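Please look over the sequence and the model, then read on.

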Amino acid sequence: MTAIRPFTAPDAEAVAAMIFALNEGEGYDPRLGPDAAALPAAYLGSNATGHCLVAEDTSGLIGCITLHTTYETTYASRGFYVADLFVLPAMRRRGTGRALLAAGARLARAEGGGHLWWTALPGNHAGQAFYRRLGAEAEAVIAFALSDAAFDRL
């Protein structure tokens, strides 16, 4: 049975490895993602930037989701932006991704929220099909990111 629970400091190595695999699989330089030392500062304590939930079964951690508070004027509601959703490849298609998203939705609701919002890469057809099965609607957006030297110049 899979349990969903909040991230704790001892989870940092496993979650960092999952984020590395996610970034690598999406074609990003995985070395730019957080290492295990950065995760507790990001997701624990009074200065946390968001939430991280993990999925665990008898074999250990098998998935994670990271969420950040947002207010979307489109929906006139507070909610969460899902930054990362990852399930180990061998553990997919067993309900873990759905359970992580559902736990994120419950957490958003508990904090007064009413939506989850996320993006998917154009080539992630399996992910897009999964999201549609949940009832999510695709939005025609182009996401932009400003970082590194361009961020500094701005």
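Which pattern does the protein follow when read along the sequence? The pattern is β-α-α-β-β-β-α-β-α-α.

## Basis of the report

The model is a predicted one, in which local features need pLDDT of at least 70 and side-chain atom pairs count only at pLDDT 80 or more, while totals for chains, interfaces and linings use all residues. Residues are numbered from 1 along each chain as its sequence is written, and side-chain values use heavy atoms, with hydrogens and water left out.

## Overall form

The secondary structure comprises five helices and five strands. Here helices (H or I, at least four residues) and strands (E, at least two) are DSSP runs, numbered from the N terminus. The radius of gyration of the protein is 16 Å, which agrees with the value near 15 Å that a compact globule of 154 residues would have. That quantity is taken over C-alpha atoms, and the globule rule is 2.2 Å times the number of residues to the power 0.38. Along the principal axes, the C-alpha atoms fill a box of roughly 45 × 35 × 35 Å.

Of the 154 residues, 33% count as buried, a term that means under 20% relative accessible area, with exposed over 50% and partly exposed in between (1.4 Å probe, protein chains only). Among contacts with a separation of 6 or more, 56% are accounted for by residues 24 or more positions apart; a contact means heavy atoms within 4.5 Å.

The five strands form an open sheet in the order 1-2-3-4-5, with mixed pairing. Strand 1 (3-6) and strand 5 (116-117) stand at the edges with a single partner strand each, so one side of each is left without a neighbour in the sheet. Two strands are taken to pair if DSSP finds at least two bridges between them.

Strand 2 (residues 51-57) pairs with strand 3 in the antiparallel sense over seven bridges, and a hairpin joins strand 2 to strand 3 through two residues. Within this pairing, C64 in strand 3 is the bridge partner of V54, and T66 in strand 3 is that of C52. Strand 3 also pairs with strand 4 (residues 77-87), again in the antiparallel sense, over ten bridges. There, Y71 stands opposite R78 in strand 4. Four residues lie between strand 3 and strand 4 in their hairpin, and A76 in the turn has a positive phi of about 50°.

## Two buried residues

I62 has its place in strand 3 (residues 60-72). Why does I62 count as buried? The relative accessible area of I62 is 1%.

N23 belongs to helix 1 (residues 12-25). Its relative accessibility is 14%, so N23 counts as buried. Beyond the neighbours within four places in sequence, N23 is in contact with Y28, P30 and G33.
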